[in-house]
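Dear colleague,

Please find the structure below, handed over for your records. My notes on it follow.

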Amino acid sequence: MSDSVNAPDAPPTTPHDPGVSVRHTRAKGEPRFPDGPRADPAGSHFERRIRSFQPRRSRVTAGQADALRRLWPAWGLDIDGQRVLDLAELFGNDRPVVLEIGFGMGEATAQMAAGDPDTNVLAVDVHTPGQGNLLALADRNGLSNVRVANGDAIILLREMLRPDALDGLRVYFPDPWPKKRHHKRRLIQPEFLTLAASRLRPGAILHCATDWEPYAEQMLEVLTAHPAFENTRADGGFAPRPEFRPLTRFEGQGLDKGHVVNDLLFRRLPHSRDR
């Protein structure tokens, strides 16, 4: 790709098997990756609200660790809430930016970034192996339009992004929190939509997908009721999976089990139509 000025220099690395897990003996208090994603980037600067995500801890492979060490300083950022991002500076250009919340292992993110090189993707997750995997995929495929953010997406939206900064928002297969007492932890709620709307330019698309049907129904209900969004479907229902959203391995496994996957595509309305 032409935007090579943002590609970090890759220092020589020792040969490794990218599928082999890394075990590193660290002194007490030593960070896992000194120049990589921090365990709690926002620290105690913000209120301890109910989290819509659960941090997952699993082993980091040698390939993922190598990508984190080499690429995080140039392509990664911690969500510390202490500054407002200049997205043109972050990506090295002024192309449209889409925010993706929760990218898992990053395969679908990388595929969509490759299919639309004129759109920048700011991908947020708290899963260290996934962060390393997406960085490795971006490096391997020459994707200079991907940046990886570590931490709480709410803090990113509220504290670090300017109004109308985003040209799209993707939330694919968020945690459904199936137990009724946990429904308050679901991400797609009226308060979240109001915050998201403040950072989406008019005409931007909010695209959600889930294989948990009760959550899909809730998403449809709260999105339909929100004054800042309108359904792109004339019939007011779910949308078929668009071709640009890849069929992921996780989704395929769900379909094999008989799960129904629902996509929702809602458009940010002009500001004058907010109530």
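Which residue stands opposite Val 148 in strand 4? Ala 123 does. The model is predicted, so local features were required to have pLDDT of at least 70 and side-chain atom pairs pLDDT 80 or more, whereas totals for chains, interfaces and linings use all residues. Residues are numbered from 1 along each chain as its sequence is written, and side-chain values use heavy atoms, with hydrogens and water left out.

Strand 4 and its neighbours

Strand 4 covers residues 146-150; helices (H or I, at least four residues) and strands (E, at least two) are DSSP runs, numbered from the N terminus. Strand 4 pairs in the parallel sense with strand 3 (residues 120-125) over five bridges, and in the parallel sense with strand 1 (residues 76-78) over three bridges. Pairing requires that DSSP finds at least two bridges between the strands. In strand 4, Ala 149 is the bridge partner of Leu 77.

Strand 3, helix 4 (residues 128-140) and strand 4 form a right-handed β-α-β unit: with the strands pointing away from the viewer, the path from the first strand over the helix to the second runs clockwise.

Five of the five residues of strand 4 are buried, a term that means under 20% relative accessible area (1.4 Å probe, protein chains only), with exposed over 50% and partly exposed in between. Val 146, Val 148 and Asn 150 lie on one side and Arg 147 and Ala 149 on the other, and all are buried.

Buried polar residues

Asp 78 lies in strand 1 and counts as buried because its relative accessibility is 10%. The side chain of Asp 78 makes a polar contact with the side chain of Asn 150 (2.7 Å). Such a contact is a pair of N or O atoms within 3.5 Å; within protein, one must be able to donate a hydrogen and the other to accept it, and residues adjacent in sequence count only if both atoms are side-chain atoms.

Arg 70, in helix 1 (residues 62-75), counts as buried because its relative accessibility is 16%. The side chain of Arg 70 makes a polar contact with the side chain of Asp 66 (3.0 Å).

Nonpolar cores

The largest nonpolar core has 43 residues, and Leu 122, Ile 188 and Phe 192 have the most contacts inside it. A core is a set of buried Ala, Val, Leu, Ile, Met, Phe, Trp, Tyr and Cys residues joined through side-chain atoms within 4.5 Å. Helix 5 (residues 153-160) supplies the largest share of this core, six residues.

Kind regards
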